Amino acid sequence: MRVAIYCRVSTQDQDNKNQLAQLRKYCAGHGHTIIQEYCDTCSGGRADREQFKQMLLHASQRKFDLLLFWSLDRLSREGVLATLQYLQTLTQYGISYKSFTEQYLDSLGPFREAVLAILAAIARQEKIRISERTKAGLEKARKQGRVGGRRKALCPAHVDKAAALRAKGETWPSIAKLFQCHPETVRLAVKESTLHTRLTTN
């Protein structure tokens, strides 16, 4: 079988010699031919790993039959959802995969369907949590007068009115409530307008 090896270490202080030695030994013991070795030195939480991208490209071109890696967290640490998508992508390309240290994670093994089902269930929960966090963030932004994560801007007429209200003793929160935006937005807008007026009149 034509095999590609993927290994990864996080920092330059580490090396992948142990991973490579064990993976090469495994291939030799099973009569596999190593087509290429892809080695990254970077965080597994990054999607832009050069060797990882090269491996996926060659997988799409069917340059090997099996991807062998040390463990699932060496393949990716982008979260269960992203990792599952990578495994599904390999399957779609007709490429098998195997974790050297996790015998149950083998697309040619008897536990393949069970493991994928578990990963899919975890991925769904992760997707739900991400969606909930996004909604919570947007709701918080909306309450602070921010749209799409940015604070709501005031038109010149509203800035003038806010300045007049502030001069009468109104608080920033009460003025902001009138314009449905964050108090800091009003304060900065009035401050910038006042500064501009001073500069243009001097």
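This is a predicted model: local features need pLDDT of at least 70, side-chain atom pairs count only at pLDDT 80 or more; totals for chains, interfaces and linings use all residues.
Biologist: Is arginine 62 buried, partly exposed or exposed?

Modeller: Arginine 62 sits in the loop between α2 and β3. Buried means under 20% relative accessible area and exposed over 50%, with partly exposed in between (1.4 Å probe, protein chains only). At a relative accessible area of 41%, arginine 62 is therefore partly exposed.

Biologist: In which loop does glutamine 180 lie?

Modeller: Most residues other than glycine have a negative phi. Glutamine 180 has a positive phi, near 55°, and is exposed, with a relative accessible area of 61%. Its place is the loop between α7 (172–179) and α8 (183–201).

Biologist: Why do the buried residues of α2 line one face of the helix?

Modeller: Helix α2 spans residues 50–60, and its buried residues are Phe52, Met55, Leu56, His58 and Ala59. An α-helix has 3.6 residues a turn, so residues three or four places apart point the same way. The arc is that of the directions from the helix axis to the C-beta atoms. Down the axis of α2 the buried residues line one face because they fall within an arc of 165°.

Biologist: What covers the buried residues of α2?

Modeller: Strands and helices both contribute to the cover. Among the covering elements are α3, α4, β1, β2 and β3 (66–69).

Biologist: How many bridges join β1 to β2?

Modeller: Two strands pair if DSSP finds at least two bridges between them. Strand β1 (residues 2–9) and strand β2 (residues 33–41) run parallel. The bridges between β1 and β2 number 8.

Biologist: Through which helix does the chain cross from β1 to β2?

Modeller: This β-α-β crossover is right-handed: with the strands pointing away from the viewer, the path from the first strand over the helix to the second runs clockwise. The helix on the way from β1 to β2 covers residues 17–29 and is α1.

Biologist: In β3, which residue is the bridge partner of alanine 4?

Modeller: β1 is mostly covered, with 7 of its 8 residues buried. It also pairs with β3, in the parallel sense, over 4 bridges. There the bridge partner of alanine 4 is leucine 67.

Biologist: Which backbone oxygen does the side chain of arginine 74 reach?

Modeller: Arginine 74 is in helix α3 and is buried, with a relative accessible area of 13%. Contact means heavy atoms within 4.5 Å; beyond its neighbours within four places in sequence, arginine 74 is in contact with residues including Tyr6, Arg8, Val9 and Gln19. Its side chain lies at 3.0 Å from the backbone oxygen of arginine 8.

Biologist: With which side chain does the side chain of serine 76 make a polar contact?

Modeller: A polar contact is a pair of N or O atoms within 3.5 Å; within protein, one must be able to donate a hydrogen and the other to accept it, and residues adjacent in sequence count only if both atoms are side-chain atoms. Serine 76 also reaches the backbone nitrogen of glutamate 78 with its side chain, at 3.2 Å. At 3.4 Å, the side-chain partner of serine 76 is threonine 83.

Biologist: Is serine 76 buried or exposed?

Modeller: Serine 76 lies in the loop between α3 (72–75) and α4 (80–92). Aside from neighbours within four places in sequence, it is in contact with Gly44, Arg49, Thr83 and Tyr86. Its relative accessible area is 5%, so serine 76 is buried.

Biologist: What share of the 202 residues of the protein counts as buried?

Modeller: The protein has 8 helices and 6 strands. Of contacts between residues at least 6 apart in sequence, 66% join residues at least 24 apart. The share of residues that count as buried is 36%.

Technical notes. Residues are numbered from 1 along each chain as its sequence is written. Side-chain values use heavy atoms; hydrogens and water are left out. Helices (H or I, at least four residues) and strands (E, at least two) are DSSP runs, numbered from the N terminus.
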